[in-house]
Amino acid sequence: MNVSFEGLENAVVTFQEEQVTAGYPVSMSSDATVGNAAAGTAPVGVALNVRGGCAAVQIRGFAALPYSGSAPDLGWTALTADGSGGVKVPGSGEKGRECLVVQVDSQEKTVGLFL
């Protein structure tokens, strides 16, 4: 049996962008503007599409991302950007964003979560 969370209560917002990569977690870089999330910062969402100086950013709903470091726990878990297009469990002094982690693939190093 396959379970799919795709599209469930997704919310996508258009922001101005500064060097955003589609598929990467993003954070606020200035007013109404996002950039790729630096390591140790709490992402505001995931860039879905980048075009003409704007980025479509998913701020709510299901997303699948790579993770680095140790595998996140299932359930409500704080996650932070790893600076390489994925997420990680926050280290000391790093701010995380609470996400509902529903899938962890330790072989592929991917995590399925609700933003």
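Author: The model is a predicted one. Its protein chain has zero helices and ten strands, and from the N terminus on the elements run β-β-β-β-β-β-β-β-β-β.

Reader: What makes the protein chain as compact as a globular protein of its length?

Author: The radius of gyration is 13 Å, and the globule rule gives 13 Å for 115 residues; the two values are close, so the chain is as compact as a globular protein of that length. Along the principal axes, the C-alpha atoms fill a box of roughly 40 × 35 × 20 Å.

Reader: Why is S27 called buried?

Author: The relative accessible area of S27 is 13%. Buried means under 20%, so S27 is buried. S27 is placed in strand β2. Beyond its neighbours within four places in sequence, S27 is in contact with T33, V34, G35, N36, A37, T41, A42 and V44.

Reader: V20 lies in a loop. Is V20 buried or exposed, and why?

Author: V20 has a relative accessible area of 10%; since the limit for buried is under 20%, V20 is buried. Neighbours within four places aside, V20 is in contact with V26, V34, G35, N36, A47, V50 and A55. With G35, the C-alpha to C-alpha distance is 5.1 Å, although V20 and G35 are 15 residues apart in sequence.

Reader: Why does Q19 count as exposed?

Author: The relative accessibility of Q19 is 72%. Exposed means over 50%, so Q19 counts as exposed. Q19 is found in the loop between β1 (11-18) and β2 (25-30). Its phi is near 55 degrees, a positive value in a residue other than glycine.

Reader: K109 also has a positive phi, of about 55 degrees, although it is not a glycine. Why is K109 described as partly exposed?

Author: K109 has a relative accessible area of 32%. Partly exposed covers the range between the 20% limit for buried and the 50% limit for exposed, so K109 is partly exposed. The place of K109 is in the loop between β9 (97-105) and β10 (110-114).

Reader: How do you know that E94 forms a salt bridge with K88?

Author: The closest N and O atoms of E94 and K88 are 3.1 Å apart. A salt bridge requires a side-chain nitrogen of Lys or Arg within 4 Å of a carboxyl oxygen of Asp or Glu, so the pair qualifies. A search of the whole structure finds one salt bridge. E94 itself is partly exposed, with a relative accessible area of 25%.

Reader: What makes the approaches of S84 and G86 to the side chain of D82 polar contacts?

Author: The backbone nitrogen of S84 lies 2.8 Å from a polar atom of the D82 side chain, and the backbone nitrogen of G86 lies 2.9 Å from a polar atom of that side chain. The distance limit for a polar contact is 3.5 Å, so both distances fall within it.

Reader: Why is A39 classed as partly exposed?

Author: A39 has a relative accessible area of 48%. Exposed would require over 50% and buried under 20%, so A39 is partly exposed. A39 lies in the loop between β3 (33-36) and β4 (45-51). Its contacts, leaving aside neighbours within four places, are with A81, D82 and G83. A39 and G86 are 47 residues apart in sequence and 9.2 Å apart in space, C-alpha to C-alpha.

Conventions: Residues numbered from 1 in each chain as written. Predicted model: local features only at pLDDT ≥ 70, side-chain atom pairs only at ≥ 80, totals over all residues. Heavy atoms only, no water. Polar contact = N/O pair within 3.5 Å; in protein donor to acceptor, adjacent residues only side chain to side chain. Helix = DSSP H or I, 4+ residues; strand = E, 2+ residues; numbered from the N terminus. Rg over C-alpha atoms; globule rule 2.2 N^0.38 Å. Buried < 20%, exposed > 50% of the residue type's maximum accessible area, 1.4 Å probe, protein only. Contact = heavy atoms within 4.5 Å.
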